[in-house]
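Please keep the sequence and the 3D view open while you read these points.

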Amino acid sequence: MRIRQHTALGLAATACLVLSACTNAADWNANRSSQIHSFDTSSIQAQPDIIAKLPQGALEDGVLDVAASTDYAPAEFLDPSGKAVGYDVDLTNAIAAVLGVKGTVHTAEFDSIIASVGSKYDAGISSFTVTPERIGEVNMTAYINVGSRFNVQAGNPKGVETSDHLKLCGRTIGVQVGTAQETTMRDAAEKCAQAGKPVLSLRSYSKQSEATTGLVGGTIDATYSDSTVAGYAVELTDGQIVTLGDIEDAAPQGVVTAKADPQFTAAIQAAVQYLMDRGIWQKILDNWGVKDAALTTAELNPAVKE
């Protein structure tokens, strides 16, 4: 889930040395630009009743300016030409179409986005997990449920069992540095040690794509990542890997808007609900190979656990 871990570079490097050597494997998406097909939002019609919810003067320039940290495929990332793509980008364009304007995604540092919504940007759509802390600062309209999931080689030739993390003892698991999944697997490794079981080896990679390369090549037994990322990896490896087990610790992510502008938030919420009701949001996710993640209710500031 996209609750960034603030890991110092030195600590990350140490983790690579202690747990395993970080790989410099080629990005497995580098030569797959032909498979990047953004969802076509051109047929979405502007909805006057939803536009009427906008506060006077909102979006007068004809543009919905949205910030995203474009380093998180398949939600938001840059294609080989430097253009922002992904299902969050498609959602931005779809919301804009409903509101009768053009959507523009601005690349921004993840940790800077929330503070800039309502001033520099109209909204933030960047895989923001809904948390009580964030709801205290901004409004969040839920649109997707994302958890963690394992990937293994197709057919699971190594017989990996993920129903209980203690069953991973003796395995080698690949994760991305600084993620919640890395923390979870560190905890699992400690539990294996405490239980006197075989060592759970953790390989931390700077990119999730590098972990996937290791999995395809058989140098690790499984990867553990966001459920949406896991599903996208299946698509881009042409089925060389598959997801395994249920989605774990799922939580909603939300469109970020300013608390100071509840009327604008209401218009965004109505636009997202319209896309859900018409099945457009599901089609966007289908386009990116994301399964079992779409929400059907655009709930504002949903109650979540600490």
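1. In which sense do strand E3 and E4 pair, and over how many bridges? This is a predicted model, and in it the two strands pair in the antiparallel sense over 2 bridges. E3 covers residues 76–78. Look at Leu78: Ala84 in E4 stands opposite.

2. Now widen the view to the sheet around that pair. It is an open sheet of 3 strands, in the order E2-E3-E4, with antiparallel pairing. E2 (71–72) and E4 (84–85) stand at the edges. Each has a single partner strand, so one side of each is left without a neighbour in the sheet. As background, strands of a sheet pair through backbone hydrogen bonds, either parallel or antiparallel.

3. Next, the chain as a whole. It has 10 helices and 11 strands. Of its 306 residues, 52% count as buried. The chain exposes about 13,600 Å², and carbon and sulfur atoms supply 49% of that area. Take the contacts with a separation of 6 or more: residues 24 or more positions apart account for 79% of them.

4. How far does the predictor's confidence reach? The mean pLDDT of the chain is 88, and 88% of the residues reach 70 or more. Residues 4–34 have a pLDDT below 50. Beyond near neighbours in sequence, this stretch still has 47 contacts in the model. Where pLDDT is low, the predicted coordinates should not be read in detail.

5. Helix H3 deserves a check of its length. It has 12 residues, 87–98. At 1.5 Å a residue they should span 16 Å, and the end C-alpha atoms are 16 Å apart, which agrees. After H3 comes Gly100, with a positive phi near 75°.

6. Is H3 enclosed or open? Of its 12 residues, 11 are buried, so the helix is largely enclosed by the rest of the structure. Among the buried residues are Tyr87, Asp88, Leu91, Ile95 and Val98.

7. Stay with Tyr87, and turn to the aromatic rings. The structure holds 7 aromatic pairs. One of them joins Tyr87 and Trp281 edge-to-face, at 6.2 Å centre to centre and 65° between the planes. This pair links distant parts of the chain: Tyr87 is in H3, Trp281 is in helix H10 (residues 280–287), and they are 194 residues apart. Both Tyr87 and Trp281 are buried. Elsewhere, Phe77, Tyr232 and Trp288 form one aromatic cluster.

8. Now a loop residue, Thr162. It is in the loop between strand E7 (138–153) and strand E8 (172–176). Why does Thr162 count as buried? Its relative accessibility is 6%, and the cut-off for buried is under 20%. Leaving aside neighbours within four places in sequence, Thr162 is in contact with Phe150, Leu168, Leu244, Gly245 and Glu248.

9. Leu168 is placed in the loop between E7 and E8. Its relative accessible area is 0%, so Leu168 is buried. Beyond four places in sequence, its contacts include Phe150, Thr162, Ile173, Met185 and Leu200. Leu168 and Ala188 are 20 residues apart in sequence, and their C-alpha atoms are 8.2 Å apart in space.

10. Last, compare the two contact lists. Phe150 is in contact with Thr162, and Phe150 is in contact with Leu168.

Key:
Residues are numbered from 1 along each chain as its sequence is written. This is a predicted model: local features need pLDDT of at least 70, side-chain atom pairs count only at pLDDT 80 or more; totals for chains, interfaces and linings use all residues. Side-chain values use heavy atoms; hydrogens and water are left out. Helices (H or I, at least four residues) and strands (E, at least two) are DSSP runs, numbered from the N terminus. Buried means under 20% relative accessible area, exposed over 50%, partly exposed in between (1.4 Å probe, protein chains only). Contact means heavy atoms within 4.5 Å. The expected span of a helix is 1.5 Å times one less than its number of residues. pLDDT is the predictor's confidence in each residue, from 0 to 100. Two strands pair if DSSP finds at least two bridges between them. Accessible areas come from the Shrake-Rupley method with a 1.4 Å probe; for residues, only the protein chains shown count as cover. Rings of Phe, Tyr and Trp (its six-membered ring) pair if their centres lie within 6.5 Å; planes under 30 degrees apart count as stacked, over 60 as edge-to-face and the rest as tilted.
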